[in-house]
Each structure stands twice: as structure tokens, then as C-alpha cells.
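Hi,

Here is the structure I promised to send over.

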Amino acid sequence: MVVYNLGMVFFSLYCCIGMILAVRRLPLFSEDCSVTFRDSTFRNIVYAFFMSKFVEFFDTLFLIVKGKNVSWLHYLHHLGAALNMGMLYGAEDEGVWLFVMLNGFIHTFMYAYYTATLLGIKLPGKRFLTMGQLIQFFVGFGMYWQYSSIEKCHRGPRKVTFWYTYGYVGLLVVLFANFYIKSYLKKKEASVTDAGVDQKKQL
């Protein structure tokens, strides 16, 4: 598991940096709808990231083997991501660079955190991983919307993929926000309340 998580750290970082370097030299948001996918580096990184979404099913397998309770959020997140990446790649949707770059960035830190945990290193700030997930969704939402104004490209499979992406990610925003509130905000409120009760008992 340590080797798997460490491998995903470097893979995620590679995809993130590779995509940044690729889009820096490509004309984004143009009416040449296939310009990015004609670039072999761009296409190969997208394909590798698409395949990685199936590799990430091992995350679920590891949790099941360890006897952990796997939430619906986890299942939805991983299954939906594989389908979303498949649609983006199949439709040659230029906006996929946002998915690869942002998701690769967050996953670099996420898998690094998991690797440290497996090695017995306790790192603070797990809540910031969830915050990072939510931030990447909103950043992606805002930037991806620009593709809807490129009418020449915003049609057929790409239009279907566009709306699926917003539906899928929109649902994740709601579920991740709910998870964050329950896991961190409500627990913090409960601990503060318990501390107040203990102080009153001491008085």
C-alpha cells in the first residue's frame, strides 16, 4: 500500500506539471476544436490520467480489505470520475486540462498524506484536503464554463460531456460540503460543548 500510494504521488505530480507545461504552449479556448488533442503530449497525459481513474479503484479495495466502512461519496466519486474522464477523452474535450491539472494537484497532496499515515507519520490538516477538493471544484466550474461560449465546439458529445460534468461535480460539491460540515465543524462544536459541560461540573 505504501508503494501504491507513493507511486500515485509521483504520477499525480507528473500529470499536473506535465499538463501545465503542455497548455502553456497551446492556444486554449480557440475555435480550432481539436488543436490540443493533436498535440501528442497533451493527448498522452489525458489518456494516462483517464487510465489512472481505474487504478484508483484500488483505493476502494484497500478500504474493503481493511474492514473500513466505504461511504456512498467514495463510490460515487471514483465511479463518476472514471466515467467523466472517459467522456472528456472520448469527446476530445479541451476542457479536460482543468480536470487533469486541478485533480492531479490535489491528489499529489492527498496520496502524500496517505503515504505518511501508512508510515506512521501523523500530519495535521486532514481537513484541508477536503477544503482543497471543494476549491478545485469551484475553480474548475468557473473556468470550464468559458467553453460553453465557443459555439463551434460546444455541440454533440462535447455538449453532453459538458452538462454531465456540471451535474456530476455539482453533486460532489454538495456531498463533500456535507462531509466537511459533519466531520469537522459539527465535531468541533460538539467538543467545545463537552468542554463547557466539564468546566461547569468542575465548578
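Below are my notes on a cavity, a helix and some salt bridges.

Before you dig in: this is a predicted model, with local features needing pLDDT of at least 70 and side-chain atom pairs counting only at pLDDT 80 or more, while totals for chains, interfaces and linings use all residues. Residues are numbered from 1 along each chain as its sequence is written, and side-chain values use heavy atoms, with hydrogens and water left out.

First, the cavity. The structure holds one cavity of 30 Å³ or more (a cavity is a set of points on a 1 Å grid over the protein atoms alone where a 1.4 Å probe fits but cannot get out).

Next, helix α5, residues 96–118 (helices are DSSP runs of H or I, at least four residues, numbered from the N terminus). With 23 residues at 1.5 Å each, α5 should span 33 Å, and its end C-alpha atoms are 32 Å apart, which agrees (the expected span is 1.5 Å times one less than the number of residues). In α5, 17 of the 23 residues are buried (under 20% relative accessible area; exposed is over 50% and partly exposed in between, with a 1.4 Å probe and protein chains only). After α5 comes Gly120, with a positive phi near 85°.

Finally, the charges. Side chains of opposite charge can pair when their charged atoms come close. A search of the whole structure turns up four salt bridges (a side-chain nitrogen of Lys or Arg within 4 Å of a carboxyl oxygen of Asp or Glu).

- Asp39 pairs with Arg25, closest N and O atoms 2.6 Å apart. Asp39 counts as buried because its relative accessibility is 15%, whereas Arg25, at 49%, is partly exposed.
- Arg38 pairs with Asp32 at 2.7 Å between the closest N and O atoms. Arg38 is exposed at 55%, and Asp32 is partly exposed at 33%.
- Glu56 pairs with Lys53, with 3.2 Å between the closest N and O atoms. Glu56 is buried at 4%, and Lys53 is buried at 1%.

Cheers

Notes:
1 Å grid on protein atoms, 1.4 Å probe; cavity = no way out; pocket = protein on both sides within 12 Å on 5 of 7 lines; lining within 4 Å. Points joined across faces, edges and corners; volume = space filled by probe spheres on them. Helix = DSSP H or I, 4+ residues; strand = E, 2+ residues; numbered from the N terminus.
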